[in-house]
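Thanks for making time this morning.

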Amino acid sequence: MVLCYRNEIIFTDCGIRNYWDEQHSLMVDRDLNAAINVKRLGLDIFPSIKRRSGNLSIVGSMDKAYQKEILHTLHRAVKKPTS
């Protein structure tokens, strides 16, 4: 549900497999995003998700260095190996 490098709720529909991020020109795979979020949860740097009046809100911030590391990982994951 939460975009792993920007703390935004993106994957609200389980049928969505990929998300195109215009800002970073990056295709984000739902499963890879979830794996990174599980790691963030284990490192205790996952944001809190609050539900108020039926709306979800995210509370918390992310270190810029960690955000850069996640984006680097995602960019490497979408590159195709050379023959």
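Predicted model: local features only at pLDDT ≥ 70, side-chain atom pairs only at ≥ 80, totals over all residues.

N33 sits in helix 1, which covers residues 30–42, and N33 is buried, with a relative accessible area of 1%. If we set aside residues up to four places away in sequence, N33 touches V2, L3, C4, F11 and V28.

Helix 1 has 13 residues and reaches 19 Å from its first C-alpha to its last, close to the 18 Å expected at 1.5 Å a residue. Its buried residues are N33, I36, N37 and R40, and because they cover an arc of only 100 degrees around the axis, they lie on the same side of helix 1. On the other side of helix 1, V38, L41 and G42 are exposed.

At the N-terminal end, D29 caps helix 1, with a side-chain oxygen 2.9 Å from the backbone nitrogen of D31, while just after the helix D44 takes a positive phi of about 60 degrees.

What, then, covers the buried residues of helix 1? The cover includes strand 2 and helix 2. The largest nonpolar core has 13 residues, and L3, C4, V28 and L74 are among those with the most contacts inside it; helix 2 gives the largest share of this core, 4 residues.

Key:
Residues numbered from 1 in each chain as written. Heavy atoms only, no water. Helix = DSSP H or I, 4+ residues; strand = E, 2+ residues; numbered from the N terminus. Buried < 20%, exposed > 50% of the residue type's maximum accessible area, 1.4 Å probe, protein only. Contact = heavy atoms within 4.5 Å. Core = buried A, V, L, I, M, F, W, Y, C linked by side-chain atoms within 4.5 Å. Expected span 1.5 Å × (residues − 1). Arc of directions from axis to C-beta. Polar contact = N/O pair within 3.5 Å; in protein donor to acceptor, adjacent residues only side chain to side chain.
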